[in-house]
Amino acid sequence: MSKSIWKTRPTVEAINQINQNCLVSHLGIEIIEVGDDYIRATMPVDSRHVQPARILHGGASVVLSESLGSMAGFCLLDDMSKQSLVGVEINANHLRPVPEGGRVTGTVRAIRIGRKIQVWETQIEDENGKLVCVSRLTTMIVDVN
């Protein structure tokens with residue numbers, strides 16, 4: 001068992017509650033698991049997520065990745081009343097198509113947790129466990145006035 005990275009361990013219920021009434025809930029992204037060093041979520045592949053060819057739009061994968069990395073990064077802030085987290089760079093490699101009607105699962109883990117900069121990797125898999133996208137997000141902790 002690995003050592004937990006969380007300052008205060010987030011719960012599935014708390015994260016899903018925070019994500020209500022924003023892009024995350026609009027796209028049907030649902031947190032399903034919080035481990036010692038990862039957060040996992042699912043996302044359907046329906047008309048909200050596909051390109052005209054009726055396969056998963058790469059932008060939807062990027063939204064899933066940035067959402068997971070940001071959620072994880074927020075869970076590492078020392079004081080949310082004095083700090084916030086912003087994304088500064090994201091990239092994604094789209095490896096395999098996912099047809100409409102499917103579901104994907106994303107798992108985010110830290111590559112680097114620094115004092116101000118964090119780097120997160122999200123691996124997105126289809127329902128058969130095949131890797132469909134790998135994405136890396138860099139976030140920065142900023143002071144709130």
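## Exposure and the predicted model

A residue counts as exposed when its relative accessible area is over 50%, as buried when that area is under 20%, and as partly exposed in between. The structure described here is a predicted model.

## Positive phi at N21

N21 sits in the loop between α1 and α2. Its phi is near 60 degrees, a positive value in a residue that is not glycine. The relative accessibility of N21 is 78%, and because exposed means over 50%, N21 counts as exposed.

## Positive phi at R54

A positive phi also occurs at R54, with a value of about 65 degrees, although R54 is not a glycine. R54 belongs to the loop between β2 (38–44) and α3. Its relative accessibility is 39%, which lies between the cut-offs of 20% and 50%, so R54 counts as partly exposed.

## The largest pocket

The largest pocket holds about 410 Å³ of space. It is lined by 18 residues, of which I15, I18, M71, F74 and C75 are the closest to its centre.

Three helices each supply at least two residues of this lining: α1 (12–18), α2 (23–26) and α3 (58–74). The largest share comes from α3, which contributes four residues. By class, the lining of the largest pocket comprises twelve nonpolar, four polar and two charged residues.

## Loops and pocket together

Conventions: Residues are numbered from 1 along each chain as its sequence is written. This is a predicted model: local features need pLDDT of at least 70, side-chain atom pairs count only at pLDDT 80 or more; totals for chains, interfaces and linings use all residues. Side-chain values use heavy atoms; hydrogens and water are left out. On a 1 Å grid over the protein atoms alone, a cavity is a set of points where a 1.4 Å probe fits but cannot get out, and a pocket is an open set with protein on both sides within 12 Å along at least five of seven lines; lining residues have an atom within 4 Å of a point. Grid points are joined across faces, edges and corners, and a volume is the space filled by probe spheres set on the points. Ala, Val, Leu, Ile, Met, Phe, Trp, Tyr, Cys and Pro count as nonpolar, Asp, Glu, Lys and Arg as charged, and the others, Gly among them, as polar. Buried means under 20% relative accessible area, exposed over 50%, partly exposed in between (1.4 Å probe, protein chains only).
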